[in-house]
Amino acid sequence: MSLIAEQRPTASAPRPADVAAWVDDIARLTRPDRVVWCTGSTAERHDLLQGMVETGTLLPLNPEHRHYSFLARSDPDDVARVESRTFICSERAADAGPTNNWADPTGMRMTLDGLLAGSMAGRTLYVVPFSMGPVGSPLAKLGVQVTDSPYVVVSTATMTRMGTAALELIAAGADWVRCVHSVGAPLAPGAEDVPWPCNPTKYISHFPETREVISFGSAYGGNAILAKKAFALRIASVIARDEGWLAEHMLLMRVTDPAGRVAHVAAAFPSACGKTNFAMLQPSLPGWTVETIGDDIAWLRPDADGRLRAINPEAGFFGVAPGTGPATNAAAIDALWGNAIFTNVALRDDGDVWWEGLTDEAPAGLTDWRGEPWDAASGRPAAHPNSRFTVSAAQCPSIADDWDDPRGVVVDAIVFGGRRSSSVPLVVEARSWEHGVFLGATVSSETTAAAEGPVGRVRRDPFAMLPFCGYDMADYFQHWLDVGDSLRRAGGTPHVFQVNWFRRGPAGEYLWPGFGDNVRVLDWIMRRLHGEVGAEDGPIGLEPRARDLDLDGLDLPPAALGELLAVHRDEWEAEAEGIAEHFATFGGRMPAALLDQLTELRRRL
Ligand code: OXD
Ligand code: MN
């Protein structure tokens with residue numbers, strides 16, 4: 001039924017001895033009823049999906065509206081990544097740094113062994129081999145996840161290159177990352193299952209020295225699809241430090257201007273800043289194109305010629321549904337025509353899905369994400385604010401034809417963004433790589449209703465990696481400085497920029513239209529890359545001159561433009577104070593070059 005071509009048959013799948021021994025150990029501990037080695041075939045996916053329809057985990061959507069697509073409703077207490085239950089279990093506490101929850105690895109293993117003992121009883125243990133990045137790419141890495149959740153298997157099959165090809169590389173001797181996952185809900189013989197098994201006790205534990213992840217209790221998103229945040233960011237950031245590259249929470253895009261000039265941009269934004277929308281931007285300026293290469297994670301590595309090359313290690317999108325609509329992200333909407341899994345969105349009475357922002361008006365007759373009839377008067381959202389779609393990247397109309405080129409693309413510009421209603425101007429360029437690292441290290445964003453905690457508070461989220469860096473962030477800043485040194489020795493570093501689409505005017509209104517008009521900022525960036533426009537060397541960086549921005553066709557009052565670009569000294573004195581406090585949390589491990597950047601900022605103010 002799926003449109004994806006059938007892959008190789010099961011019979012030829014290898015069973016690398018080290019993987020088999022590890023699987024045996026876990027099976028002895030967790031005691032599943034059966035062990036299944038996944039091949040990544042279409043038939044296998046189909047069987048898993050049908051099985052989940054039978055157990056009530058998935059609800060088939062009306063194929064007239066969504067071809068071969070499904071809705072999952074999670075347990076209401078298992079709806080998001082749980083940072084408070086995420087641990088970095090490095091040998092030494094100091095190596096996890098002040099921003100991570102550290103736990104002693106030996107103690108954590110004992111705790112997890114206790115929880116995992118018998119935890120898969122009555123269930124199937126799936127062995128899920130995968131490649132992060134095109135199979136065999138010099139920038140790719142391999143992993144194997146064992147899991148007792150078929151939902152996690154099919155999600156991993158969309159989000160990675162899952163299947164036998166990864167096992168073949170492991171059998172040939174390639175390194176691999178070990179990922180263990182259990183929902184922690186053993187089934188007694190004859191007991192009835194629930195649609196979304198999970199456990200109130202949750203651990204997402206990372207062992208950076210041994211390149212391992214062990215996750216217990218959740219089946220949701222980054223807690224359970226371990227290839228994504230756990231491997232591709234937390235463990236990969238440690239591998240990258242050791243091997244001289246960067247594993248980043250960045251989208252990756254190709255921008256082409258009307259003259260046919262091409263630039264590749266990697267951009268980091270904290271959660272809830274419209275990163276997927278930016279990755280799939282539909283330019284409002286004529287003659288421009290933006291092609292998507294990745295929407296969440298990029299791995300960047302200096303190549304033999306000293307250029308920074310990047311791949312998207314993922315193969316799919318696990319995007320936040322609310323706020324995604326035809327006006328804000330038409331490409332994502334088009335990608336969702338079929339073969340998609342939706343989690344915790346609302347259900348229409350015609351068997352299609354809905355979420356806030358898909359259309360201006362909610363249709364009548366909605367069932368909310370908990371499966372209850374939805375009443376607009378309740379004031380509660382119909383879709384959970386962290387509801388998701390899972391769909392293959394290849395289905396996205398804005399995806400670059402060569403998005404999975406194993407060589408990756410050469411990065412020309414690195415962009416750091418955040419959601420700030422004041423202080424931070426529309427765009428500035430860094431004066432140097434060190435200044436760029438300073439911009440990355442000081443990324444800040446206002447919290448939104450989509451996350452835990454108070455709304456509108458400024459949170460420092462360095463490089464948008466705060467929840468995702470697998471080691472001490474001060475060491476991570478130093479690593480960025482070191483990578484810059486090696487790039488500089490070989491030829492040059494990418495230009496670095498800081499952007500803010502979210503500045504507000506006196507009445508609280510957004511000053512910048514955003515979305516497709518963000519191409520106007522990309523236009524300035526492109527002209528800076530080519531040395532075509534000058535910039536003012538201001539206190540916080542190289543600032544655009546208003547006359548160099550292409551604002552053609554935009555109804556932007558001069559006062560709004562002035563405020564969008566303004567750097568108010570009083571606000572920035574307070575910012576510098578906040579940055580000093582933020583840096584102080586890293587103590588003596590903070591690189592001197594970044595403290596010097598702060599001194600320089602204060603001097604210029
Ligand atoms: C995500 C996140 O889910 O950054 O991508 O939180
Ligand atoms: Mn993300």
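The domain assignment divides this protein into three parts, namely domain 1, covering 5-74 + 85-244, domain 2, covering 247-316 + 401-604, and domain 3, covering 318-388.

The mean pLDDT of the protein is 96, with 97% of its residues reaching 70 or more. Residues 1-9, however, have a pLDDT below 50, although in the model this stretch has 19 contacts beyond near neighbours in sequence. Where pLDDT is low, the predicted coordinates should not be read in detail, and I would ask you to keep that in mind when you look at those contacts.

Let me turn to the metal. Which residues coordinate the manganese ion, ligand 2? In the model the donors are Lys229 through NZ, His249 through NE2 and Asp296 through OD, at 2.1 to 2.2 Å. Along the sequence these donor residues follow the spacing K-x19-H-x46-D. Lys229 belongs to helix H8 (residues 227-243), while His249 sits in the loop between strand E12 (246-248) and strand E13 (250-256), so this pair ties together parts of the chain that are 20 residues apart in sequence. Are these two residues buried or exposed? Lys229 has a relative accessibility of 7% and therefore counts as buried, and His249, with a relative accessible area of 2%, is buried as well.

Strand E12 takes us on to the sheets. Four strands, in the order E12-E16-E17-E23, make up an open sheet with antiparallel pairing. E12 and strand E23 (409-410) are its edges, each having a single partner strand, so that one side of each has no neighbour in the sheet. Strand E17 (residues 308-311) is joined to E23 by two bridges, the two strands running antiparallel, and within that pairing Ala310 stands opposite Val409. Helix H12 (residues 473-490) packs on this sheet, where it touches E12, E16 and E17, and its direction makes about 125° with that of E12. Helix H8, which carries Lys229, lies across E12 and strand E16 (298-302) and runs at about 160° to E12.

There is also an open sheet of five strands, ordered E2-E3-E19-E22-E18, and here the pairing is mixed. Its edge strands are strand E2 (58-60) and strand E18 (316-320), each of which pairs on one side only. Ignoring direction, neighbouring strands in this sheet are turned by 20° against each other on average. Strand E3 (residues 70-72) and strand E19 (residues 341-343) run parallel and are joined by three bridges, and the bridge partner of Ala72 in E19 is Thr343.

Arg31 has a relative accessible area of 52% and is exposed. If we leave aside its neighbours within four places in sequence, Arg31 is in contact with Ile26, Ala117, Gly118, Met120, Ala121 and Gly122. How far is Arg31 from Ala331, which lies 300 residues away along the chain? The C-alpha atoms of these two residues are separated by 44 Å.

Conventions
Residues numbered from 1 in each chain as written. Chains lettered and ligands numbered in written order. Predicted model: local features only at pLDDT ≥ 70, side-chain atom pairs only at ≥ 80, totals over all residues. Heavy atoms only, no water. Pairing = 2+ DSSP bridges. Axes fitted to C-alpha atoms, helices over the stretch in contact; angles between N-to-C directions. Donors = N, O, S within 2.8 Å, 3.2 Å for Na, K, Ca; no water. Buried < 20%, exposed > 50% of the residue type's maximum accessible area, 1.4 Å probe, protein only. pLDDT = per-residue confidence, 0-100. Contact = heavy atoms within 4.5 Å. Domains from an automatic or database assignment.
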